[in-house]
Amino acid sequence: MKVLVTGATGLIGTAIVDRLIKKGHVVHYLTTSKRKIESRDGYKGFYWNPSRSEIDANALQDVSVIINLAGSTISQRWTSKNKKKILNSRLQSLETLENALTKSKNDSVKMLITASAIGIYPNSETELYGEAVESVDESFLGEVTKKWEAKANNLEQLGLKVAKIRIGLVLSTDGGALPSLSRPIKYYVGAPLGSGEQWQSWIHIDDLARVFMYVMENELTGVYNGVAPNPVTNAKLTKEVANILGRPLWLPNVPKWALQLILGEMSYLLFASQRVSSKKIEKKGFSFEHPNLAEALRHLFDPSPSN
């Protein structure tokens, strides 16, 4: 099968592309940087610029599935300019794909699998969220995710099957939140954030790549939470990382006001609490390789070849 991937060179994209190639699929990928265009067996790059609605139509040739991971990082100061960039990067990417498919009258593409985020769920320390919940968090992240998913749904009008993966906190030593969390702990200055009671719905990077593959291979449609079965509080996550690294946690919790002062509105990402369920994808037959946090962290931090 030939699969087109946007955001292929990012943390999640790299993991998905590696798995696609190992399973014998041919990967086309789109990049906004002409320097990142490669062409080798089973892996070929094409240029696009969603902000200008530009795309190399050859990228779609004989493609059966599109995996969309494009979007400017949410982990940047939420200035008015950056908010616009974060939102537009997601909407314009999907618009560019939609327009290209419409113009080319391409009949090979049957499915779109797009990234989304659990940030769509309202901030709560008590609720357990499944995909059927219709309430949306009254935050910038909630707004972005709602509009992102609505834009993806437009491609159903072209006859495509559409799946949306609401991604939680991705655990990887190659990027994302874990290196930022583990660094101060390594230097004996780690501590939970705020009350530490906010829920963190996490997932091992390998399991997240497997979720995308499973949805593709089984042609699943609709919304699926990309989280492991056992969410933890921020305090528990911090403690488990400290245990794995063999470091004590002796400092008091980092005050919420201090991070708000440093990060501004973006600090919301650190304190928003979403306890999210993985039951839907599990009921479809998916089995997690890393369902428990301590084991997942050991797998990530243990450099032994067996892992």
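So, what covers the buried residues of α6? The cover includes β10 (169–171), α4 (177–186), β11 (199–200), β14 (232–233) and α10 (293–301). Keep in mind that this is a predicted model. The buried residues themselves, in α6, are N234, L237, T238, E240, V241, A242 and L245.

Okay, a quick check on that helix. α6 runs over residues 234–245, so at 1.5 Å a residue its twelve residues should span 16 Å, and the end C-alpha atoms sit 17 Å apart, which agrees. Just past the end of α6, G246 has a positive phi of about 65°.

One more residue there: K236 is also part of α6.

Right, on to a helix pair. We describe two packed helices by the angle between their axes and the distance between the axes. For α1 (residues 11–22) and α5 (residues 205–217), the axes come within 9 Å and cross at roughly 60°. That makes α1 oblique to α5. As for handedness, the α1 and α5 crossing is right-handed.

And who's touching whom? From α1 we have L11, I12, A15, I16, R19 and L20, and they meet I205, D206, L208, A209, R210, F212, M213 and M216 of α5. Sort the residues of that contact by type and you get eleven nonpolar, three charged and no polar.

Note on methods. Residues are numbered from 1 along each chain as its sequence is written. This is a predicted model: local features need pLDDT of at least 70, side-chain atom pairs count only at pLDDT 80 or more; totals for chains, interfaces and linings use all residues. Side-chain values use heavy atoms; hydrogens and water are left out. Axes are lines fitted to C-alpha atoms, for helices over the stretch in contact, and angles run from 0 to 180 degrees between N-to-C directions. Helices (H or I, at least four residues) and strands (E, at least two) are DSSP runs, numbered from the N terminus. Angles under 35 degrees count as roughly parallel, over 145 as roughly antiparallel, 65 to 115 as roughly perpendicular and the rest as oblique. A crossing is left-handed if the near helix is turned anticlockwise from the far one by less than a right angle, and right-handed if clockwise. Contact means heavy atoms within 4.5 Å. Ala, Val, Leu, Ile, Met, Phe, Trp, Tyr, Cys and Pro count as nonpolar, Asp, Glu, Lys and Arg as charged, and the others, Gly among them, as polar. The expected span of a helix is 1.5 Å times one less than its number of residues. Buried means under 20% relative accessible area, exposed over 50%, partly exposed in between (1.4 Å probe, protein chains only).
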